[in-house]
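Here are a few friendly notes to read with the structure open beside you. Take the points one at a time and find each element as you go.

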Amino acid sequence: MKTMNCLLAGLPDTGKSTYIGGLWYNLKNLSEKMVMKASRDLVDDTQRLEILSDKWVDGIKVDRTTEDQSSSVELRIEQKDNGNVLTINIPDFSGETFRQIIEMTDSKDLDSWCEEADTLFYMANKLAPGHFEDDADISGIAEDGEEKNDEVSSFNPQKMSGSAQNIMVLKYLFERKCFKKVIFAISCWDKVTENGKHPENPDVWLKNQSPALYNFLKNYHPNSTIVGVSAQGFDYEEVENNDIIADKTMYGERAFVEIGDDIIYDLSLPLYMLINE
């Protein structure tokens, strides 16, 4: 039996809490439809997992600022076919520690998390490439004919594009650990695929939407896998009848991932890919 550790990472508001809540619920209640199952050697305290699971079932968005600040969770799952165990460490649900990388603040905690991990499950969204302030006119002459001010504005990491922020975080992580496998999970995938009705290859999508981030990822970790993840399954605010949420949850047809061109209702599948040979 093989055991491996996975670091689940991502900037704030990338769906980490929702993913773990949905994963835990389905492991407990619909494991027959999944390639992984909850390990027999679970952590002693699953209270945090239960809270996230309950919110997921009821279609309640987790308030990062009040619910998840400075919280951490460990979850052990195993492959059904051979019993290999993957321990998922989510040391920072809020994502604030990862934001510190962008603000160029060192974190000893983050370094130790990387050291203990074998694999990386990285969640991201809002991946627009952005633009530079001088992209529209590089001549130095404004439209009215007057010379532009050459003064360079002060650096503000909060104004960086989503792609640039994620590149900074990934670069930091990759420089501190040579992960055996990497999953790059684009969250809120229901918005891209219209709730899974129209598949959109995540690898192709990222390459087209954010070529710089895509090329960085493939250059640093050529064997990384890009997947789409919709832990919610759909936008809660657009659901008029809560029975829709209940029915999809009951039949295991709510949360889904997309790998290649395939929509699959199994949140554990990307994790299986991390530990599978």
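1. A word on axes before we start: an axis here is a line fitted to C-alpha atoms, for helices over the stretch in contact, and angles run from 0 to 180 degrees between N-to-C directions. Helices (H or I, at least four residues) and strands (E, at least two) are DSSP runs, numbered from the N terminus. This is a predicted model, in which local features need pLDDT of at least 70, side-chain atom pairs count only at pLDDT 80 or more, and totals for chains, interfaces and linings use all residues. Residues are numbered from 1 along each chain as its sequence is written, and side-chain values use heavy atoms, leaving out hydrogens and water.

2. Look at helix 5 (residues 108-116) and helix 6 (residues 162-176): their axes come within 9 Å and cross at roughly 60°. Helix 5 is therefore oblique to helix 6 (under 35 degrees is roughly parallel, over 145 roughly antiparallel, 65 to 115 roughly perpendicular, and the rest oblique). Helix 5 contributes L110, D111 and C114 to the contact, and helix 6 contributes Y172, L173 and R176 (contact means heavy atoms within 4.5 Å).

3. Now find strand 8 (residues 256-259). F256 and E258 on one side, and V257 and I259 on the other, are all buried (under 20% relative accessible area, with a 1.4 Å probe and protein chains only).

4. Who are the neighbours of strand 8? Strand 7 (residues 225-230) runs antiparallel to strand 8 and is joined to it by three bridges (strands pair if DSSP finds at least two bridges between them). Strand 9 (residues 262-264) also pairs with strand 8 in the antiparallel sense, over three bridges. E258 stands opposite G228 and opposite I263 in strand 9.

5. Finish at the hairpin of strand 8 and strand 9, which has two residues between the strands; G260 in the turn has a positive phi of about 65°.

Terms used. Buried means under 20% relative accessible area, exposed over 50%, partly exposed in between (1.4 Å probe, protein chains only).
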